[in-house]
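Let us walk through this protein one piece at a time. Keep the sequence and the 3D view side by side as you read.

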Amino acid sequence: MLLIGAGRLSFHLGHVLRKAGFGLAGVVGRSLAKAEALGKELACPAIHLGAPLPNAGLRILAVSDDAIQAVAEMLPADGTPVIHLSGSNSLELLQAHAHRGVMWPMHSFGTGEPADFSTIPLVIDADDEATLALIGNMASTLSGHVVQLPMEQRQRLHLSAVMASNFPVFLLREASRLLTGHGIDATLLHPLWKTAAERALQDPDKAVTGPARRGDVNTMAKQLELLADEPELRRAYAALSNLILHTYHPETRGQQDL
Ligand SMILES: NC(=O)c1ccc[n+]([C@@H]2O[C@H](COP(=O)([O-])OP(=O)(O)OC[C@H]3O[C@@H](n4cnc5c(N)ncnc54)[C@H](OP(=O)(O)O)[C@@H]3O)[C@@H](O)[C@H]2O)c1
């Protein structure tokens, strides 16, 4: 395996591949210093992007989404399979290569300890059977949760992942910021957040509570007043509240929105 990119996912994937016994031919980086640091961590060679590449059974493009196509086009089209790791991008970005695929780990990777991939869903696809088998073999060695989805369904899954993960996390950030700004301990939100997440996993439809779910328009109007100094957050509060209101109180559709 050859890792191209020396960022967060390269770090995590490099560790888990090594632990699973896959040989690492090297880490390729546009910054040789970053590739060397990761290469040292993973006990494999570092290569400057643009220099000749070592032989590898698979080239893994772990670069920013916007760089995938340009970096793919820099690699020799010598028949070596190439994959990217992006949930929202098609295999067309790799069209310079005859054997191309994707392995999207549905997880949010930060810095710190190497992630445990065993429960992370790995969404795979490829344009030919041999490459799909190669990726499937690697993916199922790393995780017990491998699914093959074509591009259109990957995009839908990626959209839902953003809505179900990034949005609530950002809303918790904003809610915490408002409390801290008024000298109130933001960790008071944590038990509520955890219980809501647990209940939502059982039945998201039944887990929705709060003023918009109940149709308490006066409470929502007062809360909007408290957001007078936060116009963007106020608009987001109103948009989400209207969505909840219209979903659970369909008779409010077509009426004046908040
Ligand atoms: N992080 C996650 O939670 C996550 C989850 C699932 C999938 N992914 C996917 O994993 C891939 C990598 O993401 P990441 O989180 O590892 O990103 P990252 O930590 O930001 O690392 C991106 C890497 O791409 C390199 N790069 C950026 N532009 C480049 C260019 N024009 N030419 C050459 N190299 C370039 C960067 O080089 P420098 O270090 O020199 O800037 C860095 O090594 C993306 O496709 C992303 O969608 C990420």
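Start at His 84, which sits in strand E5. Strands (E, at least two residues) and helices (H or I, at least four) are DSSP runs, numbered from the N terminus. The model is predicted, so local features need pLDDT of at least 70 and side-chain atom pairs count only at pLDDT 80 or more, while totals for chains, interfaces and linings use all residues. Residues are numbered from 1 along each chain as its sequence is written, and side-chain values use heavy atoms, with hydrogens and water left out.

Is His 84 buried or exposed? His 84 is buried, because its relative accessible area is 0%. Buried means under 20% relative accessible area, exposed means over 50%, and partly exposed lies in between (1.4 Å probe, protein chains only). The side chain of His 84 has polar partners in the backbone. One of its polar atoms lies 3.1 Å from the backbone nitrogen of Ser 86. The side chain of His 84 also reaches the backbone oxygen of Ser 90 at 3.1 Å. Leave aside neighbours within four places in sequence, and His 84 still has contacts, among them Leu 61, Ile 68, Leu 94 and Met 103. Contact means heavy atoms within 4.5 Å.

Now move along to Ala 96. This residue lies in the loop between strand E5 (82-84) and E6. Ala 96 counts as partly exposed because its relative accessibility is 36%. Beyond its neighbours within four places in sequence, Ala 96 is in contact with Glu 73 and Ala 77. His 249 is 153 residues away from Ala 96 along the chain, and their C-alpha atoms are separated by 52 Å.

Step back to the domains. The assignment gives domain 1 (2-149) and domain 2 (154-252). Such bounds come from an automatic or database domain assignment. The C-alpha centres of the two domains lie 36 Å apart. Their contact takes 11 residues from domain 1 and 5 residues from domain 2.

How is such an interface sized? The size is often given as the accessible area lost when the parts come together. Here the area buried between domain 1 and domain 2 is about 710 Å², and carbon and sulfur atoms give 66% of it. Buried area is the accessible area (1.4 Å probe) that two parts lose on being put together, summed over both. Ser 88, Trp 104 and Leu 149 supply 53% of what domain 1 buries against domain 2, more than any other three residues.

Between the domains the count is 1 salt bridge. A salt bridge is a side-chain nitrogen of Lys or Arg within 4 Å of a carboxyl oxygen of Asp or Glu. Asp 125 and Arg 154 meet in a salt bridge through their side chains (3.3 Å, N to O). On the side of domain 1 that touches domain 2, strand E6 (100-105) and strand E7 (122-126) are the elements that give two or more residues.

The whole structure holds 9 salt bridges. One of them joins the side chains of Glu 174 and Arg 177 (2.8 Å, N to O). These two are about one helical turn apart, because they are 3 residues apart in helix H5 (residues 151-181). Glu 174 counts as buried at 8% relative accessibility, whereas Arg 177 is partly exposed at 34%. Arg 214 forms a salt bridge with Asp 216, their closest N and O atoms being 2.9 Å apart. Finally, salt bridges that share partners join Arg 173, Glu 174, Arg 177 and Glu 230 into one network.

Key:
A polar contact is a pair of N or O atoms within 3.5 Å; within protein, one must be able to donate a hydrogen and the other to accept it, and residues adjacent in sequence count only if both atoms are side-chain atoms.
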